[in-house]
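Hi,

Here is the structure I said I'd send over. Have a look at it first, and my notes on what turned up follow below.

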Amino acid sequence: MTIREIRNELERIYKERKSWNGAKGPFTEPAIRQRELILIKQQILYRIEDTKLLKDKTEESFNLTLYKIINDY
């Protein structure tokens, strides 16, 4: 995953988060899980970007694996 791909994916997440209507609820359990996964994806993408800049291949590989698992979920 390149820096450009990471930033594109982050842009998609930012757009998704903007569409959230705040705390108008109650939320269903699936909606809560979806939002949690989106926030976790965002955090992992930040980690991947950082490890790429630091050239830490082990940590990058670990985070890429986590990202793939969450995307496949």
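Helix 1 passes helix 2 in a left-handed crossing (left-handed if the near helix is turned anticlockwise from the far one by less than a right angle, right-handed if clockwise). Helices here are DSSP runs of H or I with at least four residues, strands are runs of E with at least two, and both are numbered from the N terminus.

Before going on, some housekeeping: this is a predicted model, with local features needing pLDDT of at least 70, side-chain atom pairs counting only at pLDDT 80 or more, and totals for chains, interfaces and linings using all residues. Residues are numbered from 1 along each chain as its sequence is written, and side-chain values use heavy atoms, with hydrogens and water left out.

Back to that first pair. Helix 1 and helix 2 pack at about 155°, their axes 10 Å apart (axes are lines fitted to C-alpha atoms, for helices over the stretch in contact, and angles run from 0 to 180 degrees between N-to-C directions). The two are therefore roughly antiparallel (over 145 degrees; under 35 is roughly parallel, 65 to 115 roughly perpendicular and the rest oblique). Their contact (heavy atoms within 4.5 Å) includes Ile6, Leu10 and Ile13 from helix 1, and Ile38, Leu45 and Lys52 from helix 2. By class, that contact has 10 nonpolar, two polar and seven charged residues (Ala, Val, Leu, Ile, Met, Phe, Trp, Tyr, Cys and Pro are nonpolar, Asp, Glu, Lys and Arg charged, and the others, Gly among them, polar).

Helix 2 and helix 3 also pack at about 155°, with axes 9 Å apart, and are therefore roughly antiparallel to each other. Helix 2 passes helix 3 in a left-handed crossing. The residues of this contact divide into nine nonpolar, three polar and five charged.

Overall, the chain has three helices and zero strands, and its C-alpha trace spans about 45 × 20 × 15 Å along the principal axes.

The pocket's volume is about 160 Å³, and Glu9, Gln34 and Ile70 are among the residues lining it. A pocket is an open set of points on a 1 Å grid over the protein atoms alone, where a 1.4 Å probe fits, with protein on both sides within 12 Å along at least five of seven lines; lining residues have an atom within 4 Å of a point. Volume is the space filled by probe spheres set on the points, which are joined across faces, edges and corners.

Cheers
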